[in-house]
Amino acid sequence: MSTVVSDCFTIGSVVSTRTCYNENIEGEVLAFDPQTKMLILKCPSSSGNPKRHDVNIVNLSLVSDVQIKKEVSAMPEPPASLNLHRLNTRVRNSIETKRRLWSGFNLTLESDSTLVENVLGDKESKPYNYIRKFVERHWRDHREHGTQSNSQTLFVHK
């Protein structure tokens with residue numbers, strides 16, 4: 001095995017590396033940054049699922065051996081352009097959904113209470129269960145640390 005450190009790796013080529021931990025990583029080159037000597041490889045999935053891939057980022061400064069197994073001569077097709085309008089819409093919708101889930105919660109906690117009063121929402125919903133667990137953890141920590149308080153109010157408005 002010879003060490004071949006190229007100034008540039010062609011995207012799509014297959015490269016094999018041996019890390020400083022004596023681990024072999026072989027995969028298809030997705031990207032290479034010559035300034036930082038970072039190589040991104042797409043490898044077969046460690047779970048064995050053929051529909052998935054692992055992506056490894058390899059610092060070539062910490063590699064003892066690099067071999068180019070298969071060089072690609074043709075330039076790969078450029079990646080499909082992203083539909084930024086669609087992505088922005090998805091982000092906005094996701095944020096609005098989360099806001100709707102959390103809106104309307106007004107929680108008042110008394111020192112002896114085990115849960116909450118005046119909760120608006122479905123008791124099977126994720127926000128309700130999250131707050132219930134949060135409150136339970138809060139009171140458990142209070143009991144463990146011996147701090148006592150007569151009343152505390154928690155307001156959640158988003």
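At 55% relative accessibility, L84 counts as exposed, because the cut-off for that class is over 50%. The model discussed here is predicted. L84 lies in helix α1, which covers residues 84–102. The residue belongs to a nonpolar surface patch formed by L82, L84 and L87.

The overall fold can be summarised briefly. The protein has 2 helices and 7 strands. Read from the N terminus, its elements follow the order β-β-β-β-β-α-β-α-β. The chain comprises 158 residues. Of these, 22% count as buried.

R137 lies in helix α2, which spans residues 126–145. The relative accessible area of R137 is 39%. R137 is therefore partly exposed, since the class runs between the limits of 20% and 50%. That value also meets the patch criterion, because patch residues need over 30% relative accessible area.

Aromatic contacts were examined next. The count comes to 1 aromatic pair. The rings of F9 and F32 have centres 4.8 Å apart, with their planes at 80°. The geometry is edge-to-face, because planes over 60 degrees apart fall in that class. The pair links distant parts of the chain. F9 sits in the segment before β1 (14–19), while F32 belongs to strand β2 (residues 24–33). The two residues are 23 residues apart. Both partners fall under the 20% limit, so each is classed as buried. F9 has a relative accessible area of 5%. For F32, the value is 18%.

E28 is partly exposed, with a relative accessible area of 29%. K42 is likewise partly exposed, at 27% relative accessibility.

N22 has a phi near 65°, a positive value in a residue other than glycine. N22 is found in the loop between β1 and β2. Its relative accessible area is 54%, so N22 is exposed. K37 has a positive phi of about 55° and is not a glycine either. K37 is placed in the loop between β2 and β3. With a relative accessible area of 41%, K37 is partly exposed.

The loop with N22 lies between β1 and β2, and the loop with K37 lies between β2 and β3.

Technical notes:
Residues are numbered from 1 along each chain as its sequence is written. This is a predicted model: local features need pLDDT of at least 70, side-chain atom pairs count only at pLDDT 80 or more; totals for chains, interfaces and linings use all residues. Side-chain values use heavy atoms; hydrogens and water are left out. Helices (H or I, at least four residues) and strands (E, at least two) are DSSP runs, numbered from the N terminus. Buried means under 20% relative accessible area, exposed over 50%, partly exposed in between (1.4 Å probe, protein chains only). Rings of Phe, Tyr and Trp (its six-membered ring) pair if their centres lie within 6.5 Å; planes under 30 degrees apart count as stacked, over 60 as edge-to-face and the rest as tilted. Patches are made of residues with over 30% relative accessible area and no salt bridge: like charges are joined within 9 Å, nonpolar side chains (Val, Leu, Ile, Met, Phe, Trp, Tyr) within 5 Å. Accessible areas come from the Shrake-Rupley method with a 1.4 Å probe; for residues, only the protein chains shown count as cover. A salt bridge is a side-chain nitrogen of Lys or Arg within 4 Å of a carboxyl oxygen of Asp or Glu.
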